[in-house]
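I opened this notebook to keep track of what I looked up, one item at a time. The sequence and the structure come first, and my entries come after them.

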Amino acid sequence: MIGVDAPVVRVRDARPEVTPYGPGIVRYSIVLAMILVVASWIFIIFQSQNQGTSFLSIDSAARAWNFLTNDLLGIDQSRTPAFLKGSVWRDIAPLAYDTLLMSVLGIGFASLVALATFIFGARNVMTGDLAPYGGVIWRLLFWAVRGLFIITRAVPELIWAFLIVFIFSPGILPGAIALAIHNSGVLGKLASEIVEGLDPRPMRSLQSAGAGRVQVLFYGVLPQALPRFITFLLYRWEVIIRTTIVVGFVASGGLGQEFRLSMSHFHYTTVTLILIWYLGIVVLVDLISAGLRRLAR
Amino acid sequence: MRGQGLRIRTLTTVDSRKWLTVILIAAFGWSLASVKWDSGTLHTGGLSAVGEILGAAFTPQISGGVLKLGIIEAWTTVAYAVAGLTVALVLGAPIGVIASGVLARRRFISVINVGWARLVLAFFRSVHELVWAWIFIVAVGLSPMAAVLAIGIPYAGILGRVFAELLQDVPEEPLDSLRSAGASEWKVFLYGRLPMAMPDMLSYTFYRLECGIRAAAVMSFVGLGGLGHQVQLSLQDLDYGRAWTFLFFLIALVALVDLWSSMVRRRVSA
């Protein structure tokens, strides 16, 4: 199993054909990928020349070095850098805690939505060989749920947050909901793919013993799928905690809000302190997630 | 004796899963309780905004000018993503190979190399791409290269880690047969490990392209172009319909990449 948000799921495909595409697809894909790479770089280089500032030059390297030492680390400044003041550390601590809460809330909502819907997004259970009664309505439901997964997943958290702030007052809740909308699609799709990749034999034997749809679900599908779902959920939490700061830029909660304010007030040593707290909770969440994953095994 | 040991182990597994569930639900409950739930949670008129936003999804603006703009901005987004991913590959793949520790011969040196490579990768990926972008832009100035590097660096961290794990997970038996035929570790790597890990590496890179498109779309937040920029502008005009047009462009882009990657994936891993 691979870490980092979407482990490569080896899906035992529910569809009968094994290799639906000829060897040409790989060749065409490589050519297309190369065209894309070349075209993108030409576009980027052309655009950066239009913008006037040359990003990769000695001049900009000097500016970056100045920003790092002078502004972020506050070496040449007369004032004490914020990250050397205990009081500022204490001021930022509750924001770090809020960020943590936001991430837990976000993944919690996302899991609830994913748990309520993933079964309808699994091809084998809805329309495949495990659905002997598969009618038109089930088919429609399958495509509706899959479509919803695609839409929620395709739009990143930050853009959902742009929309959500029209509805909720600033705080950790709108950020959590923006995180949840995107991640319900991610988790829902992953969970559906887990179900599609399940060993079908236990389900079939339940069916042939006379179990109904619901019984197959509870005694065949869920016991196999849920432990793996929890593992994915914990992996996903590691990604979400990194995004929470970004959602906070817009939804005004936790470290993100303070990062944005400090940036616009040129309080760069505070930015450094926020980044230290940010890295701290990222490492903390990675450790907690690894520990909890061991429990799931 | 053996059966008994087995039974005890299953019991603890079930037990620890139960504990895990309790912990997860408790954490969620705690964070739910920490939110202030009162009349101020929603904006006044927040509920009608829900209706307007959702309603606008069914009436996106589809005039020629908006569509043309959508295509241009979609290309900008793709270009940032693809260029960022090339940086990630160039940077992440070699560090990933070092971090996997498969090439090392002497144990001491291998521990040191694996150590620093993993640390660098972990540092790259712990900071979100938008935070990188913001810092680059403040440090150096507004340029598309900032977006490319901002996507490239954290993605190098992620790709490197995943490549390292994939290279380690390759089954050892075929490699041993290469070794017994006299192949050096480099040759074992080139003719054994790499070809065997390649399909999974390829499909993960494709998945990252999809993520890169999303990441490129939000680069607008720090002042760069792309689909996110147009969504932001439309929302500033409270023009939800136009915002949805660009959102649908983004959704279509991601769906296209997803389709492409699943076609390639089904071919190479079949």
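The entries below cover a pair of helices, one serine and some aromatic rings.

**Entry 1: the model.** I note at the outset that this is a predicted model, and I read everything that follows with that in mind.

**Entry 2: two helices of chain B.** I looked up how helix α8 (residues 185–217) of chain B sits against helix α10 (residues 240–268) of chain B, and found that their axes come within 9 Å and cross at roughly 175°. Because angles over 145 degrees count as roughly antiparallel, I wrote down α8(B) as roughly antiparallel to α10(B). I then went through the residues that meet: on the α8(B) side they include Pro199(B), Leu202(B), Phe206(B) and Arg214(B), and on the α10(B) side they include Leu250(B), Val257(B), Asp258(B) and Trp260(B). Sorted by class, the contact of α8(B) with α10(B) has 13 nonpolar, two polar and four charged residues.

**Entry 3: a serine in chain A.** Is Ser184(A) buried or exposed? I located Ser184(A) in helix α7 (residues 172–196) of chain A, and at 8% relative accessibility Ser184(A) counts as buried. A polar atom of the Ser184(A) side chain lies 2.8 Å from the backbone oxygen of Ile181(A). Leaving aside residues up to four places away in sequence, I listed what Ser184(A) touches, namely Ala110(A), Val113(A), Ala114(A), Phe149(A) and Thr152(A).

On accessibility, Phe166(A) counts as partly exposed at 24%, while Tyr240(B), at 10%, counts as buried.

**Entry 4: a cluster of rings.** Which residues do ring pairs link into a cluster? I found Phe162(A), Phe249(A) and Phe259(A) linked in this way with Trp134(B) and Phe221(B).

Notes:
Residues numbered from 1 in each chain as written. Chains lettered and ligands numbered in written order. Predicted model: local features only at pLDDT ≥ 70, side-chain atom pairs only at ≥ 80, totals over all residues. Heavy atoms only, no water. Axes fitted to C-alpha atoms, helices over the stretch in contact; angles between N-to-C directions. Helix = DSSP H or I, 4+ residues; strand = E, 2+ residues; numbered from the N terminus. Parallel < 35°, antiparallel > 145°, perpendicular 65-115°, else oblique. Contact = heavy atoms within 4.5 Å. Nonpolar A, V, L, I, M, F, W, Y, C, P; charged D, E, K, R; others polar. Buried < 20%, exposed > 50% of the residue type's maximum accessible area, 1.4 Å probe, protein only. Polar contact = N/O pair within 3.5 Å; in protein donor to acceptor, adjacent residues only side chain to side chain. Phe/Tyr/Trp six-rings, centres within 6.5 Å; stacked < 30°, edge-to-face > 60°.
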